[in-house]
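Open the structure in a viewer and keep the selection panel at hand. The tour below goes from one selection to the next.

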Amino acid sequence: MAGRINDDDVKAVRDAVPIDAVVSEYLQLRNAGGGNLKGLCPFHDEKSPSFQVSPSKGLFHCFGCQEGGDTIAFVMKIDHLSFSETVERLAAKAGITLRYEEGGYNPGHQRGERIRLVEAHKVAAQFYVDQLDSPEAEIGRKFLAERGFDQAAAAHFGVGYSPAGWDHLTRFLRGKGFSDKELILSGLSQDGRRGPIDRFRGRLMWPIKDVGGEIVGFGARKLRDDDNGPKYLNTPETPIYKKSQVLYGIDLAKKDIAKVSRAVVVEGYTDVMACHLAGVTTAIATCGTAFGGDHIKILRRLLMDNGSARVIFTFDGDAAGQKAALRAFEDDQKFAAETYIAIAPDGMDPCDLRLAKGDEAVADLVQPRTPLFEFALRQIVKRYDLETPAGRAAALDEAAPVVARIKNIGAQHEVAVQLAGMLGILDTQFVVKRVAQLARWARDRGGKGPERQQTPQRGYDTAAPATAASSSSSSGPALNLRSPAHRTERELLKLALQRPELVSPAFDAYGVDEFTAPPYASVRQCVQDAGGATGAPSDYLDTVREAAPNDTVRALVTELAVETIFAKTVDEAYAGDQLVTVRLRAVDRRIREVQGTLARLGPQGDPERLAAVQNELWVLTQYGQSLRNNGAAAL
């Protein structure tokens, strides 16, 4: 068994490899002041950076998930390596030869599994590169040349060729000391009738690297008609290769992605090559799978989700490409970055476009063109006959939930207006309200409120979805205290601020959207952000005021906190009346909305949809009746 690594060598590795240099291979770091750096934590999902690195101390710490340690601890955690594997990898980077306390130098076959598998891929990659110059690989060189890639381009991307024989690579790796078990485990070989044989044979080979720049797999392109395999064959899932967690080209693109806060997602290996050679050095591609949540996590750490970050998808213009774009839109809201789609004229991919029109056309293609949400909506809308009321209604039913998923309330409102234009519905506010309703009810079912916008200047209408949907003014409609609804909402908020014990815990279950006046919705949000009215501490009012998004809302909180409550006796009965009145009006509003939906569906509507709407109407009607009969006891 291999010996323990010499302690002095471990210390030498720690000192030789700066922690900021290592961490920067996985995420973008920015100045955090005091000589520290910050970024989005790679160990848990977060929207603002709480992960800090101290180069002077050689340490990292996340204030969100509490992960921390030195360079070795970081690499062990992020790449799931053992201590010895991590030290060996870092030592190789630093050019340090390690000593082992028991038995001298650690023999290759006794080293960590991940290290061995990565080494096997590194050796295989060079083998494939060397084979590209062979007479047999003429077909591969021709394939590259026909797509505009010369020898220098192939070398830059490490493109190689796998010989057509059964076990050329397998025998070569055996000669380098790798065992059959390691070759099978790595995915480079597979079981044959008489032992391991090469997995990739007679194909053009692209090495796939992780964010740290280590080769963990291959993508292989079919070249011959008598090859019965798929057009592209990728490395199977292995201990070091998870297709949902790798992006081809990320090792080449990561620095520029972080520098310009832009990533271009293309569909294939040759598209990545074409983009990079055309000067679009932020291009990456998935490896035989759809773009998904794990890929987003990789990009978010590099983009850091700042306000100018952009992700541009360049899918093919065919049906499969459009389907891929719609799948990408499903995950769109996991980005804080703006997302776009770019489809070349005649449906050409970047590789074909470069051949036909040159580098400049590729560079122009990936300039942001169509927002991804707009593309997704147009794909939905074009399936319906918008010349008929029924067609417009059906299109709205399918498209509105898509818009309702947009978390940013201001953006949701703006897209809803655009949807109305796409559908040709003149009553824009009808569409806006429909989207806001779906967003509210979706949140209610999920038990979560909307994410608050992180903009420095925020008017009343951005504090609640109902407000943004119902007002064309940034400060909402003027208050009319003669309006029973507004007057009751004001009374309930005064009670929540001045006598929270009288309205708790019922008040904390009220949604922001139950307050129809935009300023009151903002105050309700403040109470929610301050922790709610239940069990209000001694500094409750101060906490609510601090939660205000701006001075205008803060002033209103103060005003409501000192204004006299309009009741001779301020007790639980009076508080219950205000709670019931506000809730009952919200229920009645929803009943009217559902009745409208039922009318638009008509008796010929989808039976399943009709049944769901009728059931919701029945439940709401029963709840409203219970509130009228039982008062606060029904809350």
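Rings of Phe, Tyr and Trp, the last by its six-membered ring, form an aromatic pair if their centres lie within 6.5 Å. The model shown here is predicted, and a search through the whole of it finds 16 aromatic pairs.

**Stop 1: an aromatic pair**

Select phenylalanine 43 and phenylalanine 60, one of these pairs. The ring centres are 6.2 Å from each other and the planes make 50 degrees, a tilted arrangement. Where do the two residues lie? Phenylalanine 43 is in the loop between strand 2 (36-39) and strand 3 (51-54), while phenylalanine 60 belongs to strand 4 (residues 59-62), so the pair ties together parts 17 residues apart in sequence.

**Stop 2: a hairpin**

Next, select residues 189-192, strand 7, and residues 195-198, strand 8. The two strands run antiparallel and are joined by four bridges. Two residues separate them, and together they form a hairpin.

**Stop 3**

Then select strand 14 (residues 310-313) and strand 15 (residues 338-341), a parallel pair joined by four bridges. Valine 311 is found opposite threonine 339 of strand 15. When looking at side chains here, recall that in a regular strand they alternate between the two faces of the sheet.

**Stop 4: two packed helices**

Finally, select helix 17 (residues 389-404) and helix 18 (residues 409-423), whose axes are 11 Å apart. How are the two directed? They pack at an angle of about 160 degrees; angles over 145 degrees count as roughly antiparallel, and helix 17 and helix 18 are therefore roughly antiparallel to each other. Their crossing is right-handed.

Show the side chains at the contact. Helix 17 contributes Arg392, Ala395, Leu396, Ala399, Ala400, Val403 and Ala404, and these meet Gln412, Val415, Ala416, Leu419 and Leu423 of helix 18. Coloured by class, the contact shows ten nonpolar residues, one polar and one charged.

Note on methods:
Residues are numbered from 1 along each chain as its sequence is written. This is a predicted model: local features need pLDDT of at least 70, side-chain atom pairs count only at pLDDT 80 or more; totals for chains, interfaces and linings use all residues. Side-chain values use heavy atoms; hydrogens and water are left out. Two strands pair if DSSP finds at least two bridges between them. Axes are lines fitted to C-alpha atoms, for helices over the stretch in contact, and angles run from 0 to 180 degrees between N-to-C directions. Angles under 35 degrees count as roughly parallel, over 145 as roughly antiparallel, 65 to 115 as roughly perpendicular and the rest as oblique. A crossing is left-handed if the near helix is turned anticlockwise from the far one by less than a right angle, and right-handed if clockwise. Contact means heavy atoms within 4.5 Å. Ala, Val, Leu, Ile, Met, Phe, Trp, Tyr, Cys and Pro count as nonpolar, Asp, Glu, Lys and Arg as charged, and the others, Gly among them, as polar. Rings of Phe, Tyr and Trp (its six-membered ring) pair if their centres lie within 6.5 Å; planes under 30 degrees apart count as stacked, over 60 as edge-to-face and the rest as tilted.
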